[in-house]
Amino acid sequence: VKVSYDELSSAVDSTRKNADDMRMAEEMAEYVYKNAEKSFIDKKYVTRSLEFYLSVVNLMRKHDCNAFTIECFEFCCSRLPQKWNITPCLVHTMFKDLGIASACEGDLGGLLAMQMLMALSNKSPHFGNMFYQQKGKGILTINHSVPGIKMNGFDKPGLPYQLGHFV
């Protein structure tokens with residue numbers, strides 16, 4: 001299901017007008033923020049990302065979806081992330097840690113691979129595009145790096161994490 005920015009905006013507006021959703025976003029943000037080893041961002045940005053998460057959850061329920069992806073570059077160009085003070089990165093981690101495939105850049109191949117990895121391993125996978133650069137000493141660059149907290153297993157304690165820009 002492809003959702004328009006108008007429908008996405010409407011979902012975010014509905015979430016922000018719903019007192020129960022806002023309370024839930026704040027409680028979730030408090031939990032995520034207080035359990036981080038360190039944070040380089042203000043908690044309000046975590047709350048904003050979790051408002052977006054709840055908006056996406058509501059859209060997924062509405063459309064009976066079982067996975068999520070968003071075209072990050074195009075989404076950023078829409079200026080909606082700036083308006084809402086969010087990035088989808090934390091949303092991807094949250095979904096993966098619940099066993100729901102979630103990927104950057106509308107990457108359907110990555111989404112399918114992630115779903116298979118989760119089914120086989122019962123763990124939250126890391127999602128990223130790796131590039132080995134041979135200049136100088138050799139550097140491994142990972143773009144769209146979205147790790148999961150439950151990479152040791154859905155039934156295991158979460159890994160330590162820090163919160164930073166792009167969460």
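Visitor: Before we look around, what counts as a pocket here, and how much space lies in the largest pocket?
Guide: A pocket is an open set of grid points with protein on both sides within 12 Å along at least five of seven lines. The model we're looking at is predicted. In this model, the space in the largest pocket comes to about 830 Å³.

Visitor: Which residues are the closest to the centre of the largest pocket?
Guide: The lining of this pocket is made of 33 residues. By class, 22 of the lining residues are nonpolar, eight are polar and three are charged. Closest to the centre are L90, T93, M94, P147 and I149.

Visitor: Which element gives the largest share of that lining?
Guide: Several elements give two or more residues each, among them helix 2 (19-34), helix 4 (72-77) and strand 5 (139-146). The largest share is five residues, and they come from helix 6.

Visitor: What about the second largest pocket: which element gives the most to its lining?
Guide: About 600 Å³ of space lies in this one. It has 21 lining residues, with V1, K2, V3, T69 and I70 nearest the centre, and 14 of the lining residues are nonpolar. Helix 1 (5-17), strand 2 (67-70) and helix 7 (108-121) are among the elements that give two or more residues. The most, five residues, comes from helix 3.

Visitor: In strand 3, which residues point the other way from A101 and A103?
Guide: In a regular strand, side chains alternate between the two faces of the sheet. Strand 3 covers residues 101-104, and all of them are buried. With A101 and A103 pointing one way, the other way is taken by S102 and C104.

Visitor: Which residue of strand 3 is the bridge partner of F68?
Guide: Strand 2 and strand 3 run parallel, and four bridges join them. For F68, the partner in strand 3 is S102.

Visitor: How many disulfides does the count come to?
Guide: A disulfide needs two cysteine sulfur atoms within 2.5 Å. The sulfur of C76 is 6.7 Å from the closest cysteine sulfur, in C72, so that pair is too far apart for a bond. C89 is in no disulfide either, as its nearest cysteine sulfur, that of C104, is 6.1 Å away. The count comes to zero.

Visitor: Let's turn to charges. R16 forms a salt bridge with which residue?
Guide: Side chains of opposite charge can pair when their charged atoms come close. Here the closest N and O atoms are 2.7 Å apart, and R16's partner is E51. The pair links distant parts of the chain, 35 residues apart, with R16 in helix 1 and E51 in helix 3.
As for the name you asked for, it's E51.

Visitor: Is E51 buried or exposed?
Guide: Buried means under 20% relative accessible area. R16 is at 26%, so R16 counts as partly exposed. E51 is at 4%, so E51 counts as buried.

Visitor: Which residues are joined with E51 into one network?
Guide: R48 also meets E51 in a salt bridge, at 3.2 Å from N to O. Those two both lie in helix 3, three residues apart, about one turn of the helix. Salt bridges that share partners join E51 with R16 and R48.

Technical notes. Residues are numbered from 1 along each chain as its sequence is written. This is a predicted model: local features need pLDDT of at least 70, side-chain atom pairs count only at pLDDT 80 or more; totals for chains, interfaces and linings use all residues. Side-chain values use heavy atoms; hydrogens and water are left out. On a 1 Å grid over the protein atoms alone, a cavity is a set of points where a 1.4 Å probe fits but cannot get out, and a pocket is an open set with protein on both sides within 12 Å along at least five of seven lines; lining residues have an atom within 4 Å of a point. Grid points are joined across faces, edges and corners, and a volume is the space filled by probe spheres set on the points. Ala, Val, Leu, Ile, Met, Phe, Trp, Tyr, Cys and Pro count as nonpolar, Asp, Glu, Lys and Arg as charged, and the others, Gly among them, as polar. Buried means under 20% relative accessible area, exposed over 50%, partly exposed in between (1.4 Å probe, protein chains only). Two strands pair if DSSP finds at least two bridges between them. A salt bridge is a side-chain nitrogen of Lys or Arg within 4 Å of a carboxyl oxygen of Asp or Glu.
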